[in-house]
Amino acid sequence: MPKNKNKKNGGGRPVTTYLPNGKKDYSYRSTWKHKFSRARNKAQRGGLSKDEMMRQYGRFPKGKEWWGPERDFAEWKVKWTAENPPP
């Protein structure tokens, strides 16, 4: 059985949405949730871009491994949400 769950059950990749002119809809990128996710990814890597991280560590952080200056994700989340409150 494949790993991806059936889309009807909410699993797997989200379905790509398109605008009436046929182009992809990238409006999700301006949402608070997306910005939070991208900021978390970068903070987990210690503020490094993917290229810088690969040069320094040679791999991605594993699981809950945290390379940022904060102690862990919970500490970073409190700090980030204070600076960037949700709408």
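Visitor: In which helix does Trp-76 lie?

Guide: In this predicted model, Trp-76 lies in helix α3.

Visitor: Is Trp-76 buried or exposed?

Guide: The general idea is to compare the relative accessible area with a cut-off, and buried means under 20%. Trp-76 has a relative accessible area of 5%, so Trp-76 is buried. For the protein chain, buried residues account for 17% of the 87 residues.

Visitor: What does Trp-76 touch, not counting residues up to four places away in sequence?

Guide: A contact list shows which parts of the chain meet at a residue. For Trp-76, the list consists of Phe-36, Ala-39, Arg-40, Ala-43, Trp-66 and Glu-70. One of these, Ala-39, is 37 residues from Trp-76 in sequence, and the two C-alpha atoms are 10.0 Å apart in space.

Visitor: Which residues make up the largest nonpolar core?

Guide: Trp-76 belongs to that core, together with Phe-36, Ala-43, Trp-66 and Trp-80, which gives five residues in all. Two elements, α1 (32-44) and α3 (73-83), each supply two or more of its residues.

Visitor: With which residues is Trp-66 in contact, leaving aside its neighbours within four places in sequence?

Guide: The contacts of Trp-66 are Arg-40, Ala-43, Gln-44, Arg-71, Asp-72, Phe-73 and Trp-76.

Visitor: How does one read the packing of two helices, and at what angle do the axes of α1 and α3 cross?

Guide: One reads the approach of the axes, the angle and the handedness in turn. The axes of α1 and α3 come within 11 Å, with a crossing angle of roughly 135°. α1 is therefore oblique to α3. The crossing in which α1 passes α3 is right-handed.

Visitor: Where is the place of Pro-87, and is Pro-87 buried or exposed?

Guide: Pro-87 is found in the segment after α3. Exposed means over 50% relative accessible area. The value for Pro-87 is 97%, so Pro-87 is exposed. Pro-87 and Trp-32 are 55 residues apart in sequence, while their C-alpha atoms are 7.3 Å apart in space.

Visitor: What share of contacts between residues at least 6 apart in sequence joins residues at least 24 apart?

Guide: In the protein chain, that share is 32%. As for the surface, the accessible area of the protein chain is about 7,500 Å², and carbon and sulfur atoms hold 53% of it.

Technical notes
Residues numbered from 1 in each chain as written. Predicted model: local features only at pLDDT ≥ 70, side-chain atom pairs only at ≥ 80, totals over all residues. Heavy atoms only, no water. Core = buried A, V, L, I, M, F, W, Y, C linked by side-chain atoms within 4.5 Å. Buried < 20%, exposed > 50% of the residue type's maximum accessible area, 1.4 Å probe, protein only. Helix = DSSP H or I, 4+ residues; strand = E, 2+ residues; numbered from the N terminus. Contact = heavy atoms within 4.5 Å. Areas by Shrake-Rupley, 256 points an atom, 1.4 Å probe, with all protein chains shown as cover. Axes fitted to C-alpha atoms, helices over the stretch in contact; angles between N-to-C directions. Parallel < 35°, antiparallel > 145°, perpendicular 65-115°, else oblique. Left-handed = near helix turned anticlockwise from the far one by under 90°.
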